[in-house]
Amino acid sequence: MAKRRNEHINMGQALNEFLKKNKLEKGMEKVEARDAWVKLMGNGVNNYTTSVEYKDHILYVSLSSSVLRDELSMGKSKIVSMLNEELGKDLIRKLVLR
């Protein structure tokens, strides 16, 4: 049985410790990256987004519109920096539009 702590910690610290102990950080990174895409791109782009996957610091985004894919590919570096700013950490290094 685990030892009980006597000091008080806030909920955020407790959640972070739980994630680290159970090795759930990668799963949370996937969810955070997907949520950041949805939040930043808005309804116009999200209507044409079929899937968003995060793996090994690369965000894979599948789009149903080739015109939109070409438009977004012009500003990949800006999109990556905006996503990382939204996440508050340098999580995404590359964006692949499919």
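Predicted model: local features only at pLDDT ≥ 70, side-chain atom pairs only at ≥ 80, totals over all residues.
Most residues other than glycine have a negative phi. Histidine 57 counts as partly exposed because its relative accessible area is 28%, and partly exposed covers the range between under 20% (buried) and over 50% (exposed).

β1 and β2 form a hairpin with two residues between them. Aspartate 56, also in the turn, has a positive phi of about 50°. Strand β1 covers residues 49–55, and it pairs with β2 in the antiparallel sense over six bridges. To see the pairing for yourself, find serine 51, which stands opposite serine 62 in β2.

How much of β2 is covered? Five of its six residues are buried, so the strand is mostly covered.

Let us move over to β3, which runs over residues 94–97 and includes lysine 94. Lysine 94 counts as partly exposed, because its relative accessibility is 47%. Leaving aside neighbours within four places in sequence, lysine 94 is in contact with His57, Ile58, Leu59 and Val80. The list includes His57, the residue where we began. Glycine 44 gives another kind of reference point: it is 50 residues from lysine 94 in sequence and 22 Å away in space, C-alpha to C-alpha.

Return to β2 and follow the chain onward. Between β2 (58–63) and α3 (66–73) there is a loop, and serine 65 lies in it. Is serine 65 buried or exposed? It counts as buried, because its relative accessibility is 17% and the cut-off for buried is under 20%. The side chain of serine 65 reaches the backbone nitrogen of leucine 68 at 3.2 Å.

Next comes a residue in helix α4, which spans residues 76–87: asparagine 84. With a relative accessible area of 10%, asparagine 84 is therefore buried. Which residues does asparagine 84 touch, leaving aside its neighbours within four places in sequence? The contacts are Lys89, Asp90, Leu91 and Ile92.

Finally, go back towards the start of the chain, to helix α1. Asparagine 10 caps the N-terminal end of this helix, which covers residues 11–21. A side-chain oxygen of asparagine 10 lies 3.2 Å from the backbone nitrogen of glycine 12. Further along α1 you will find phenylalanine 18, which counts as partly exposed because its relative accessible area is 47%. Phenylalanine 18 belongs to a nonpolar patch on the surface, together with Leu15 and Leu24. The accessible area of the three together is about 280 Å². Leu15 and Phe18 are three places apart, and here a general rule is handy. An α-helix has 3.6 residues a turn, so residues three or four places apart point the same way.

Just after α1 comes lysine 23, in the loop between α1 and α2 (25–46). Lysine 23 has a positive phi of about 55° although it is not a glycine. With a relative accessibility of 71%, lysine 23 is over the 50% cut-off and therefore counts as exposed.

Key. Residues numbered from 1 in each chain as written. Heavy atoms only, no water. Polar contact = N/O pair within 3.5 Å; in protein donor to acceptor, adjacent residues only side chain to side chain. Helix = DSSP H or I, 4+ residues; strand = E, 2+ residues; numbered from the N terminus. Patch = residues over 30% accessible without salt bridge, like charges linked within 9 Å, V, L, I, M, F, W, Y side chains within 5 Å. Areas by Shrake-Rupley, 256 points an atom, 1.4 Å probe, with all protein chains shown as cover. Salt bridge = Lys/Arg side-chain N within 4 Å of Asp/Glu carboxyl O. Buried < 20%, exposed > 50% of the residue type's maximum accessible area, 1.4 Å probe, protein only. Contact = heavy atoms within 4.5 Å. Pairing = 2+ DSSP bridges.
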